[in-house]
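Please consult the sequence and the model while reading the points below.

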Amino acid sequence: MVVMNGRRWWDPKGMLFWQIVMTICAWGFIVALHLDNDGLWFQGDAPRHAANGVFWSDFLGRLPTSPRDFAFSYYARYPVVNPTAYPPIFYLLEAMAYRVFGVSPFVAKGLVLASVLLGSLYLVVWLRRWVAEEAGWAGSLFILQPAIIGWGNVIMLNVPSMVLGVAALYHWRRWLEAPASGHLYAAAALATLAALTYLLAAVVPVVMLAWCVWGRRWDLFRQRRLWIVAGAAAISIGVWVLMTMRWDPHWAPGPLTGPGFYLRHLPGWFVTVPVIVLAAVGLGLGLVGRASRREVAFLSLWIVLAYVWFTAISLKMNGGISLDDIRYTMLLVPPIVLLAAVGVENGLRLVVGAREGRAEWPRLMPWAAVLALHVWLAAAVSVPRVAGFREIVRFVGEIAPSARVFYDGAYDGVFSFNALAAGTGFRRGVVLGRKLLYATQSVPSFGPVEIAPSPGGIRESLRFRCGCRILVIERQIEPRLKRSAAAANLREVVAREPARLIRSFRVEAGSVTDVDVYEWRSVESAPSTIDLPFPSLGNNGRVQLKPLQY
């Protein structure tokens with residue numbers, strides 16, 4: 001029998017240690033399951049989030065007089081960075097981690113996984129304080145949800161911003177209980193950091209305000225320091241929003257349709273069906289019982305406001321919602337898990353009673369069953385992965401160690417990040433087919449913008465405008481780009497002279513299974529500048545850029 005400080009291990013006051021141990025073990029289990037996944041599988045955003053940390057590291061190392069020109073020149077060398085589309089907090093953490101451990105996608109993914117552990121520990125202390133000390137076991141349940149497993153193993157901002165939001169809401173509730181405490185400053189700082197990690201987390205202050213209104217805490221609004229910290233947070237977030245809208249105007253209106261999408265896909269895709277059932281039990285029993293009515297009210301406000309917020313934002317930005325967009329609703333996972341914990345505890349109160357056997361081990365049996373079930377379910381969760389691109393970058397580095405390389409295909413971001421992470425500084429570079437031969441626009445709708453669609457135009461661009469002797473081309477064309485004549489004709493052009501196939505690689509990347517490396521033997525001298533299109537800038541925006549040098 002394990003005894004700690006004279007208490008059995010299942011005693012509530014001796015249980016915290018083991019709840020933390022269990023949480024860490026659950027986290028380690030998920031890490032081990034996907035240890036070989038580099039976190040770049042969400043092509044488009046993930047490689048850019050990983051590369052932006054390198055950009056900010058170089059930016060702070062140089063402190064250029066013209067940040068905009070520096071960013072454009074950096075993009076001309078490695079067209080994977082996107083430093084103004086998202087706030088910089090996560091990237092600054094990446095920059096520090098890269099300085100210590102080196103540039104690697106596993107370093108960036110490690111930061112995301114570390115945030116998962118931090119969030120689960122916050123839920124442990126949340127549950128022990130406001131639900132029941134035994135409910136702290138649900139910190140492990142949070143880690144074992146499909147959304148946390150999937151989006152915790154990819155280099156994205158959704159999970160880190162969600163964790164910062166949870167931490168902010170925890171300290172806000174502590175401040176509501178003790179208005180003279182310093183929890184206000186922690187709540188304001190963490191809410192600001194959440195929004196400056198991912199702007200959609202700006203719903204956190206909305207939830208905070210709703211809690212005050214629901215609790216009729218009008219006295220709090222007379223505190224001068226509340227308005228000071230709120231003003232400081234609003235200024236910090238507002239400055240970044242204005243800068244983003246000026247430098248990266250990618251916002252577009254869309255019709256408000258499909259508001260029930262998230263509701264249909266949350267069960268199973270985001271949280272397990274058993275957790276949904278337990279959350280429904282917690283909601284029902286919590287509303288009819290007095291013991292947890294206040295907690296259920298807090299969590300219900302959180303869920304409703306976040307759901308409405310994320311649905312409205314998704315529809316406004318994208319004009320519709322897809323399965324990829326479900327990641328926006330990460331902030332719904334914690335309150336659903338918390339409600340599930342309320343359901344377990346309320347069920348135990350009905351069966352065991354509020355007083356009898358509170359410290360006895362039979363009360364832990366439901367938690368053991370729930371966690372065992374979710375360990376089994378977690379092992380079956382499939383997380384996408386990409387593989388094989390580092391080998392291509394290594395091979396290209398051997399045959400063209402100090403030259404720009406042309407790349408065309410859906411996974412150009414993964415290739416470009418690996419080229420940047422190879423550690424060759426600014427001697428090499430990447431030219432993308434979707435910038436040289438065609439461009440892709442995301443608003444008002446996704447699609448190609450043709451630049452050089454004909455075979456003759458492609459050959460001329462490769463000879464005079466590209467300056468690349470090595471061409472790396474995905475054999476399979478992404479379905480969304482099959483409408484591009486340039487993408488299809490490019491693969492016909494390289495099948496004949498002056499192109500020569502050097503080597504083919506097998507990759508693991510969704511529908512893409514083969515990547516071919518060619519030598520283009522009709523290259524004039526590499527141009528000193530690159531003419532790149534940026535459809536998001538409007539008016540057929542084009543910019544002449546000189547790649548960044550040492």
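Of the 550 residues in the protein chain, 54% count as buried. The model is a predicted one. Its protein chain contains 21 helices and 11 strands.

**Surface and contacts**
- Among contacts in the protein chain with a separation of 6 or more, 78% are made by residues 24 or more positions apart.

**The largest nonpolar core**
- In soluble globular proteins, nonpolar side chains tend to be buried together.
- The largest nonpolar core here has 176 residues, of which Trp172, Trp302, Phe389, Ile392, Phe406 and Val472 touch the most other members.
- Helix α8, spanning residues 158–177, gives the most to this core, with 12 residues.
- At least three residues of this core come from each of domain 1 (12–39 + 84–380) and domain 2 (389–545).
- Apart from neighbours within four places in sequence, Trp172 is in contact with Leu184, Ala187, Met208, Trp211, Cys212 and Leu226.

**Helix α13**
- Helix α13 comprises 16 residues, 273–288, and at 1.5 Å a residue it should span 22 Å; the end C-alpha atoms lie 23 Å apart, which agrees with that expectation.
- The buried residues in α13 are Val275, Leu278, Ala279, Gly282 and Gly286.
- Viewed down the axis of α13, these buried residues fall within an arc of 105°, so they line one face of the helix.

Terms used. Residues are numbered from 1 along each chain as its sequence is written. This is a predicted model: local features need pLDDT of at least 70, side-chain atom pairs count only at pLDDT 80 or more; totals for chains, interfaces and linings use all residues. Side-chain values use heavy atoms; hydrogens and water are left out. Helices (H or I, at least four residues) and strands (E, at least two) are DSSP runs, numbered from the N terminus. The expected span of a helix is 1.5 Å times one less than its number of residues. Buried means under 20% relative accessible area, exposed over 50%, partly exposed in between (1.4 Å probe, protein chains only). The arc is that of the directions from the helix axis to the C-beta atoms. Contact means heavy atoms within 4.5 Å. A nonpolar core is a set of buried Ala, Val, Leu, Ile, Met, Phe, Trp, Tyr and Cys residues joined through side-chain atoms within 4.5 Å. Domain bounds come from an automatic or database domain assignment.
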